[in-house]
Amino acid sequence: ASNAATVEVLHVLGAEDSFIVRAFRGRFLRIALRGALVGLAGALLLFGALEIWGMFSAGAASRQSAAFLGSPRIGPFGFGAIFALALLIAGLVVLTTTLAVRTHLKKLSL
């Protein structure tokens, strides 16, 4: 919604709809990838630290830490799932952006 005026100006100036969609999709993909990278780095640091703590600390196996943290070890599958989730989120941003811009352009064409 905040970019509706920009879409309208590009449309009025004669830019093709496919150009407008590609421009916004690329811009928001870069933003989504940066956000996914920050979230991915945070998750990897957190779960990596918990994995290392679990391997080298006797306190990690205590009942108190199990009650507080549960089982924080996620293993290789968990780390792969974090990567996949970051890519899925970026893909959803691209899809949402594409649909939103196309919908707005259809409204302008009516």
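Helices H2 and H4 of this predicted model have axes that come within 8 Å and cross at roughly 160 degrees. H2 and H4 are therefore roughly antiparallel to each other, a label for angles over 145 degrees, with under 35 counted as roughly parallel, 65 to 115 as roughly perpendicular and the rest as oblique. The axes are lines fitted to C-alpha atoms, for helices over the stretch in contact, and the angles run from 0 to 180 degrees between N-to-C directions. H2 passes H4 in a right-handed crossing, the term used when the near helix is turned clockwise from the far one by less than a right angle, left-handed being the anticlockwise case. The residues of the contact between H2 and H4 comprise 21 nonpolar, four polar and four charged. In this division Ala, Val, Leu, Ile, Met, Phe, Trp, Tyr, Cys and Pro count as nonpolar, Asp, Glu, Lys and Arg as charged, and the others, Gly among them, as polar.

Residues are numbered from 1 along each chain as its sequence is written, and side-chain values use heavy atoms, with hydrogens and water left out. Local features need pLDDT of at least 70 and side-chain atom pairs count only at pLDDT 80 or more, whereas totals for chains, interfaces and linings use all residues.

Helix H4 covers residues 75–109; helices here are DSSP runs (H or I, at least four residues) numbered from the N terminus. At 1.5 Å a residue, its 35 residues should span 51 Å, and the end C-alpha atoms are 52 Å apart, which agrees. The expected span is 1.5 Å times one less than the number of residues.

Which residues of H4 are buried? They are Gly 75, Gly 78, Phe 79, Ile 82, Ala 86, Ala 90, Val 94, Thr 97, Thr 98, Val 101 and Leu 105. Buried means under 20% relative accessible area, exposed over 50%, and partly exposed in between (1.4 Å probe, protein chains only). An α-helix has 3.6 residues a turn, so residues three or four places apart point the same way. The cover over the buried residues of H4 includes helix H1 (4–12) and helix H2 (17–56).

Ala 86 counts as buried at 13% relative accessibility, and its C-alpha atom is separated by 7.7 Å from that of Gly 39, 47 residues apart along the chain. Thr 97 is buried with a relative accessible area of 10%. Not counting residues up to four places away in sequence, Thr 97 touches Phe 24, Arg 25 and Phe 28, where contact means heavy atoms within 4.5 Å. Thr 98 is likewise buried, at 8%, and is in contact with Val 21 and Arg 25 when neighbours within four places in sequence are left aside.

Helix H1 also packs on H4. The axes of H1 and H4 come within 10 Å and cross at roughly 55 degrees. That makes H1 oblique to H4. Ala 4, Val 7, Glu 8 and His 11 of H1 make the contact with His 104, Leu 105, Leu 108 and Ser 109 of H4. By class, these residues are four nonpolar, three polar and one charged.

Finally, the axes of H1 and H2 come within 10 Å and cross at roughly 150 degrees. H1 and H2 are therefore roughly antiparallel to each other, and their crossing is right-handed. Thr 6, Val 7, Leu 10 and His 11 in H1 meet Asp 17, Ile 20 and Phe 24 in H2.

Definitions and conventions
Helix = DSSP H or I, 4+ residues; strand = E, 2+ residues; numbered from the N terminus.
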